[in-house]
Amino acid sequence: MQQIIYFFQKFKYFLFFLLLEIIALSLTFNNLEFHRSKFVNSANNLTGGFYSQYSNISHFFNLRTENKRLSEENTYLKNLLAKKSFLDSLKELEFTVIDSSKFKQKYSYTAAKIINNNYSKQFNFLTVNKGQKDGISKEMAAFNSKGIIGITENTSTNYTRIQSILNRDSRINARLKNTNYFGTLSWDGKDYKTVQLYDIPRQAPLKIGDTIETDGKSTIFPEGILIGTISKINNGNTADNKVDVTLFNDMSNLGYIYIVKNFDKIEIKNLENNE
């Protein structure tokens with residue numbers, strides 16, 4: 001016991017120095033761990049920010065592919081809805097046996113991408129990347145989710161030229177939504193955002209903001225495709241009205257569209273031509 005006491009008395013300064021060293025080393029290692037943790041967190045934040053920016057850039061460059069995929073998916077859904085509408089109409093028939101050859105889908109839809117678009121001239125046209133090999137022919141309707149675009153005017157194997165609604169020669173049947181009042185839609189060549197609807201009967205209940213849509217009376221456009229809203233009513237001394245229609249579509253900014261085929265078009269045309 002005396003030897004132990006003697007040992008501590010003899011080496012007390014050295015032992016005190018060792019104690020201080022241990023405390024100092026302990027504090028140093030704790031601080032290193034704190035700084036290492038801060039460094040890791042900073043590195044993680046930096047890496048996370050980089051990956052976030054990379055994801056945003058990658059998403060931007062993938063928008064074209066995504067838009068194409070969505071357009072193709074919408075085309076599939078439109079064709080599916082057209083078939084469903086047909087099948088629903090069959091369910092209303094009280095037949096125990098139905099000859100399916102007597103019934104068929106009226107419209108089909110093809111997605112296409114606009115590769116050239118004119119809107120600042122008097123006679124404007126668009127070009128899309130689908131043609132005869134895709135079943136496209138003359139006098140087929142072109143539209144997108146916001147409204148009508150025009151009518152196919154000429155085709156090649158892989159491409160189609162569309163006569164825009166912003167064309168002085170364009171004539172399209174259109175009506176006041178939810179009514180049977182209709183007229184002829186054309187363009188005066190002035191404002192690419194506005195077209196004109198002529199020959200609306202004076203008794204038609206027109207007001208600013210009313211929606212104009214296709215009336216389905218032609219063999220080109222299905223019924224109910226949106227066009228725009230009435231922005232000005234020009235009342236004259238004639239038996240009909242002329243109204244300005246602000247288009248839903250921005251004709252200067254178009255991407256993917258749909259081209260519609262009417263399966264009954266030839267039959268109807270032949271019937272009308274034999275009158």
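Student: In which loop does Asn 178 lie?

Tutor: This is a predicted model. In it, Asn 178 belongs to the loop between strand S6 (172-176) and strand S7 (182-186).

Student: Is Asn 178 buried or exposed?

Tutor: A residue is called exposed when its relative accessible area is over 50%. Asn 178 has a relative accessible area of 71%, so it is exposed.

Student: What is the phi of Asn 178?

Tutor: The general idea comes first: most residues other than glycine have a negative phi. Asn 178 has a positive phi, near 65°. Asp 199 also has a positive phi near 65°, but Asp 199 is located in strand S8. With a relative accessible area of 44%, Asp 199 is partly exposed.

Student: Which other residue is found in strand S8 (residues 194-201)?

Tutor: Thr 194 is found there. Its relative accessibility is 11%, and therefore Thr 194 counts as buried. Leaving out residues up to four places away in sequence, Thr 194 touches Trp 187, Ser 231, Asp 244, Val 245 and Thr 246.

Student: How many helices and strands are there in the chain?

Tutor: The chain has four helices and 12 strands.

Student: How do strands of a sheet pair?

Tutor: They pair through backbone hydrogen bonds, and the pairing is either parallel or antiparallel. In this model, six strands form a closed barrel in the order S1-S2-S5-S4-S3-S12, with antiparallel pairing. From one strand to the next, the twist averages 45°.

Student: Where is Ile 136 placed, and what does Ile 136 touch?

Tutor: Ile 136 is in the loop between S2 and strand S3 (141-144). Ile 136 has 3% relative accessibility and so counts as buried. Beyond four places in sequence, the residues that Ile 136 touches include Thr 110, Thr 152, Thr 160 and Ile 259. The C-alpha atoms of Ile 136 and Ser 156 are separated by 9.0 Å, and the two residues are 20 residues apart along the chain.

Student: Which residues touch the most other members of the largest nonpolar core?

Tutor: That core has 43 residues, and those touching the most other members are Ile 148, Leu 185, Leu 197, Ile 212, Phe 221, Ile 227 and Ile 257. Strand S1 (residues 107-117) supplies the largest share of the core, five residues. Consider Ile 227: apart from its neighbours within four places in sequence, its contacts include Ile 148, Leu 185, Ile 212 and Phe 248. For the chain as a whole, buried residues make up 31% of the 275 residues. Of the contacts with a separation of 6 or more, 59% are between residues 24 or more positions apart.

Student: Where does pLDDT stay under 50?

Tutor: Where pLDDT is low, the predicted coordinates should not be read in detail. In this chain pLDDT stays under 50 over residues 43-52, for which the model has zero contacts beyond four places in sequence. It also stays under 50 over residues 89-103, for which there are five such contacts. The average pLDDT of the chain is 77, and 61% of the residues score at least 70.

Note on methods:
Residues are numbered from 1 along each chain as its sequence is written. This is a predicted model: local features need pLDDT of at least 70, side-chain atom pairs count only at pLDDT 80 or more; totals for chains, interfaces and linings use all residues. Side-chain values use heavy atoms; hydrogens and water are left out. A nonpolar core is a set of buried Ala, Val, Leu, Ile, Met, Phe, Trp, Tyr and Cys residues joined through side-chain atoms within 4.5 Å. Buried means under 20% relative accessible area, exposed over 50%, partly exposed in between (1.4 Å probe, protein chains only). Helices (H or I, at least four residues) and strands (E, at least two) are DSSP runs, numbered from the N terminus. Contact means heavy atoms within 4.5 Å. pLDDT is the predictor's confidence in each residue, from 0 to 100. Two strands pair if DSSP finds at least two bridges between them. Axes are lines fitted to C-alpha atoms, for helices over the stretch in contact, and angles run from 0 to 180 degrees between N-to-C directions.
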